[in-house]
Amino acid sequence: MITTTGLTKVYESRGRQVTALDGVDLHVREGEVFGVIGQSGAGKSSLIRCVNLLERPTSGTVTVDGTDLTALAGRGRRANKDLRRARSRIGMVFQHFNLLSSRTVKDNVELPLEILGVSGADRSRRALELLDLVGLADKARAYPGQLSGGQKQRVGIARALAGNPKVLLSDEATSALDPETTRSILQLLRDLNRQLGLTVLLITHEMDVVKQICDSAALMKKGRVVESGTVAELLATPGSELAHELFPVTGDASGPGSTVLDVTFHGEAATQPVISQLSRTYNIDISILGAAMDTVGGRQIGRMRIELPGPYEENVVPIGFLREQGLQAELVAPDADADAGAGAGADADADAEADADADVQEKAAVPAQNAPKLVKEIAK
Ligand SMILES: Nc1ncnc2c1ncn2[C@@H]1O[C@H](COP(=O)(O)OP(=O)(O)OP(=O)(O)O)[C@@H](O)[C@H]1O
Ligand SMILES: [Mg+2]
């Protein structure tokens, strides 16, 4: 549904070039919820803004629902008519909602329809339908200032759906919300994905978001996608950083000379008594150093760190046994945890720069005098 090939974005900033995207190939299938995760400055927002051509890629292509948007991009800043039409089929949800404070909730939802030239009566009917869909039918006449953060984001989602999009893009839609509200907004996105067959590409820096609603995920670092796949594929990929972050399991070996394994159970294998079979078959004592069960992408997954006596060479056969049972068994190097982790330690430099470069899309509340600018961005 969304494909990017060799997507590159180089910003010119104060005489300096910043490569925000460095050849990104991404493939989001129809009807899936796809999460892009990465540290601050990794290029996540640049990616999403290039996907709907709010930002013109320096090179590479973006295809959404079979249309090559990069081929449609008009000359100069203003998009041509075909691009505007294609873009109306791509909804966008923002971190800070970007609602117009001087308009009622219903009028905010109507805004994109006004831009598309939909007549008053149709706009009104559609806006009320959408508010009903996001659970805000009773707030149509309220102003954004009278809503909670979660309610504002529901309005933002209703507005994003106004043009009947097939694709919804979301840039950190929940990172300004508390955990419980986050869960309810994620659930809403999941419901919309299922009910409307909407393809969702979302950006987040929270693994929990991926865990709760994503079918697939990609990890970005320094403008590149370094891992991507369905959540199940990632969990089955030895050494996957995303899998480690999604499903951390820790525990230290009791001493030198033993073999430590991370064992991942999913599907059928999750219900079999594999560890006790291993112990009985090979007559070895197994220590469990750490373990966790969780639901990832709606599937039950278990992970366990176990210790077998003796070095690796003595445990080749038991490890083979585990793999034959359909389990993923990964050898843990003695200091494996020391440098693992995608989320730790944000790049402060990039952070400060990204803050400085915040534009109208990212502003917390859009003051009335900025409204024309926002309308232009939405119309672009
Ligand atoms: N308009 C711009 N002009 C110049 N540089 C920019 C611009 N927008 C982004 N950048 C730079 O491009 C890089 C990627 O930024 P981007 O906003 O895509 O990161 P991000 O992954 O979304 O980060 P965050 O998690 O902080 O939102 C950063 O180094 C940033 O400073
Ligand atoms: Mg960002």
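Mentor: Let's start with burial: a residue is buried if 20 or more other C-beta atoms lie within 10 Å of its own, exposed if 12 or fewer, and partly exposed in between, with C-beta atoms placed from the backbone. By that rule, buried residues make up 38% of the 380 residues in this protein. The model is predicted, so local features need pLDDT of at least 70 and side-chain atom pairs count only at pLDDT 80 or more, while totals for chains, interfaces and linings use all residues. Residues are numbered from 1 along each chain as its sequence is written, and chains are lettered from A and ligands numbered from 1 in the order in which they are written.

Trainee: What makes Lys 222 partly exposed?

Mentor: Its count of C-beta neighbours inside 10 Å is 16, which falls between the two cut-offs. Lys 222 sits in the loop between strand S9 (216–221) and strand S10 (224–230). Lys 222 also has a positive phi of about 45 degrees although it is not a glycine.

Trainee: Why are H4 and H6 called roughly parallel?

Mentor: Helices are DSSP runs of H or I with at least four residues, and strands are runs of E with at least two, numbered from the N terminus. H4 (residues 105–115) and H6 (residues 149–161) pack at an angle of about 30 degrees, with their axes 7 Å apart. That makes H4 roughly parallel to H6, because angles under 35 degrees count as roughly parallel, over 145 as roughly antiparallel, 65 to 115 as roughly perpendicular and the rest as oblique.

Trainee: How do you know that H4 is mostly covered?

Mentor: Eight of its 11 residues are buried, among them Val 105, Leu 111 and Pro 112.

Trainee: What makes S2 and S5 edge strands of their sheet?

Mentor: Two strands pair if DSSP finds at least two bridges between them. Four strands form an open, antiparallel sheet in the order S2-S1-S4-S5. Strand S2 (16–28) and strand S5 (67–68) each have a single partner strand, so one side of each is left without a neighbour in the sheet.

Trainee: And how do you know that S1 and S4 are joined?

Mentor: Five bridges join strand S1 (residues 2–13) to strand S4 (residues 59–64), and Thr 5 stands opposite Thr 61 in S4.

Key:
Axes are lines fitted to C-alpha atoms, for helices over the stretch in contact, and angles run from 0 to 180 degrees between N-to-C directions.
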